[in-house]
Amino acid sequence: MLKIEDLHVSIKGREILKGVNLTVNAGEVHAIMGPNGTGKSTLASVIAGKEGYEVTGGSILYNGRNLLDLSIEDRAREGVFIGFQYPVEISGVSIANFMRTALNEIRQYRGLDPLNGAQFLRLMNEKQKVVELTDKLSNRSVNEGFSGGEKKRNEIFQMAMLEPKLAILDETDSGLDIDALRIVANGVNQLKTKENATIVITHYQRLLDYIVPDVVHVLFDGRIVKSGPKELALELEKRGYDWIKEEYEHGKLS
Amino acid sequence: MKANIPFIQQMQNYRIQAQPDPFRPVEEYFQCQVSNMGSVMLPMLNGWYVHEGESLTRYPNGVIAGSLKAAIEQCPDLVGPVQNPMNEGVVDEMVASNTSQFTDGIFLYIPDEVLVEKPFQIVSLINSREDLLVQNRNIIRVGRNAQVSLIQCDDSTRYGKTLINVVTEIQLAEGAQLHYYKTENKEAESLLFHHLYVNQQAHTLFHSHAITFNAGFVGNDIHINLNEPFAEANLYGLYLVDKNQRCDNRITVAHHAADCKSRQLYKGIMDDEAEASFLGHVVVKPDAQRTVALQTNRNILLTDKAKINTKPFLEIYADDVQCSHGATVGQLDDEALFYLRSRGIGERSARKLLMFAFANEVVQFVEIQGLRDRLGDMVQRRLNGELTICDQCLLHNAEHRDMIFPIDPEKIK
């Protein structure tokens with residue numbers, strides 16, 4: 001589904017990603033871990049198409065297509081979803097209006113008829129349950145006045161609405177208390193199918209107690225320096241990142 | 001319209017209609033079907049109150065509504081003297097002209113302790129083949145602890161040009177509440193001046209919306225006097241102008257007494273060569289301790305030639321006050337734009353959504369749900385370049401389909 005090869009990315013001339021390789025197949029859950037400032041969020045931003053990130057080398061193939069050729073909206077319409085670390089507050093745009101516009105533009109892109117009001121409301125009610133959002137969500141402005149936990153639940157709610165093929169969750173666990181964490185993780189797990197894939201970017205192992213990854217990668221100094229089974233996350237939790245650093249420095253020298 | 005000649009001098013180029021048109025039921029030429037609102041209509045045509053014999057209606061609960069001219073004859077004590085409404089003998093020539101020459105207007109009287117459920121709706125229509133000068137005076141008196149909502153629609157003309165110069169005076173007795181909504185949808189050749197004077201006693205609430213969808217040349221002056229403690233005034237405004245339209249909002253809020261609150265939130269979008277101004281003046285007098293006065297003016301300019309003059313202005317003579325003011329002129333938020341696009345929304349739609357959100361923030365403070373929905377819908381269509389005249393008005397359905405002023409969202413950088 002996703003094939004990243006030797007990806008180099010700079011911000012304002014400073015190289016952040018220095019040759020990332022990553023392959024994700026349908027049905028898989030990958031976790032990307034690593035210390036702060038090693039390029040985890042940069043990777044998510046580049047996949048989303050955010051401005052200000054210069055790809056200086058390598059490629060991102062998504063279902064065989066060059067993802068970097070697609071506009072921001074077309075990436076989403078092709079089924080890529082980013083759960084943002086800091087979701088933006090948009091005063092005056094209701095969640096219902098936002099989601100209905102998004103869903104119908106995606107449907108139009110795929111040659112489907114738009115959902116009518118009743119169909120849309122039914123879908124929204126159903127998907128709200130995924131993240132246990134029960135209050136009158138639909139009339140609230142996007143993320144405005146939301147707590148940290150509500151913002152993240154709203155991200156997963158949007159993911160549920162848009163049913164992406166590839167979801168990348170960037171630090172979705174940051175700022176969550178244990179209940180919110182459980183709700184968000186349950187939401188993600190409910191949305192998992194054999195056809196879609198999830199990449200969870202996280203700093204801590206905590207989230208991976210709930211969302212069990214097939215593969216764990218460690219991103220360090222702009223590269224994926226180590227990959228392994230889910231037990232790798234536990235080891236990182238126990239031993240920290242210093243040993244990775246040492247291993248990496250050592251490997252680099254030899 | 002010649003902006004370099006004082007408007008007072010331009011008045012001589014217009015004709016005044018000296019008496020009302022022969023009566024025709026208002027439903028024949030005007031119908032407002034804003035849903036869920038169920039308002040009581042107070043129609044004005046070419047400067048005169050429209051009625052079939054009953055120029056002033058007296059309701060069982062003591063409410064009186066109708067022609068000001070009739071009220072001055074029938075109940076002069078309730079109306080009070082009609083004189084210069086300005087503070088401390090200040091004279092504005094347009095207001096002075098109105099005071100000496102107004103033809104008619106609306107008188108609305110709400111007795112003490114009466115809560116009026118249905119909003120009143122003043123609809124000012126011009127339907128004349130001549131270039132008319134209309135000078136109306138409206139007097140609204142809300143008694144102690146009484147509550148009422150008032151909607152005032154100034155809609156466009158069918159033929160000819162008009163110069164409309166209206167003064168509305170509002171008196172709120174202790175504990176009274178008035179929600180006041182004014183919409184303006186004027187075509188390019190029209191001049192509209194509205195001067196609003198509000199006097200608030202203790203524990204009163206005045207809530208005002210001024211929404212300008214289209215403006216030939218619109219000038220909205222608001223003067224608020226918070227005369228006694230614990231009075232509160234919330235003033236909201238929205239102006240959406242393009243082509244050569246111009247909209248000026250001038251607001252003065254005078255805090256004369258302690259413990260009063262005022263809030264101003266005005267927003268505007270200017271396209272093409274349109275021009276707007278916001279002049280918000282808050283005066284906090286020496287006795288007005290513990291005043292809270294907040295003022296915000298935000299603008300989006302779509303072209304290099306569009307223009308906004310904004311001047312938030314605080315004049316504070318008391319020391320224990322909480323005042324803030326801010327003005328911004330800018331473009332749409334890139335972060336928000338990215339967020340919307342990342343969910344599959346095309347750039348053009350995303351810009352439209354954000355423009356709507358920008359404008360709709362003001363509409364969200366409208367407390368009558370039917371009106372809020374309707375205004376939100378009108379803002380949406382105004383920004384889409386679709387219908388701009390309230391299409392529920394039969395007046396406009398008849399012959400004014402072609403009047404559109406699209407704002408092109410692609411121009412927003």
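**Figure 1. Burial and overall dimensions of chain A.** Of the 254 residues in chain A, 44% count as buried. The model is predicted, with an ipTM of 0.95 and a pTM of 0.79. The secondary structure of chain A amounts to 8 helices and 12 strands. Chain A is as compact as a globular protein of its length, because its radius of gyration of 18 Å is close to the 18 Å that the globule rule gives for 254 residues. The C-alpha trace of chain A spans about 65 × 40 × 35 Å along its principal axes. Among contacts in chain A with a separation of 6 or more, 73% join residues 24 or more positions apart.

**Figure 2. The open sheet β2-β1-β4-β5 of chain A.** This sheet has 4 strands, and their pairing is antiparallel. Its edge strands, β2 (14-24) and β5 (65-66) of chain A, each pair on one side only. Strand β1 (residues 2-11) of chain A pairs with β2(A) through 8 bridges, in the antiparallel sense. A:H8 has A:K18 in β2(A) as its bridge partner.

**Figure 3. Helix α1 of chain A against the strands.** Helix α1 (residues 40-48) of chain A lies across β1, β2 and β4 (54-62) of chain A. Relative to β2(A), helix α1 of chain A runs at about 75 degrees. Two of the strands that this helix crosses, β1 and β2 of chain A, are paired with each other over 8 bridges.

**Figure 4. The surroundings of A:I95.** A:I95 belongs to helix α3 (residues 95-109) of chain A. The residue counts as buried because it has 24 C-beta neighbours inside 10 Å, where 20 or more are needed. Neighbours within four places in sequence left aside, A:I95 is in contact with A:L137, A:S138, A:R140 and A:V142. A:Y210 lies 115 residues from A:I95 along the chain, and the C-alpha atoms of these two residues are separated by 27 Å.

**Figure 5. Confidence along chain B.** Chain B has a mean pLDDT of 87, and 87% of its residues reach 70 or more. Within chain B, confidence is highest in strand β5 (residues 106-110) of chain B, at a mean of 98. The lowest confidence in chain B falls in helix α8 (residues 394-399) of chain B, where the mean is 44. Over residues 394-413 of chain B, pLDDT stays under 50. The model has 49 contacts beyond four places in sequence for residues 394-413 of chain B.

Technical notes
Residues numbered from 1 in each chain as written. Chains lettered and ligands numbered in written order. Predicted model: local features only at pLDDT ≥ 70, side-chain atom pairs only at ≥ 80, totals over all residues. Pairing = 2+ DSSP bridges. Contact = placed C-beta atoms within 7 Å. Axes fitted to C-alpha atoms, helices over the stretch in contact; angles between N-to-C directions. pLDDT = per-residue confidence, 0-100. Rg over C-alpha atoms; globule rule 2.2 N^0.38 Å. Buried ≥ 20, exposed ≤ 12 C-beta atoms within 10 Å, placed from the backbone.
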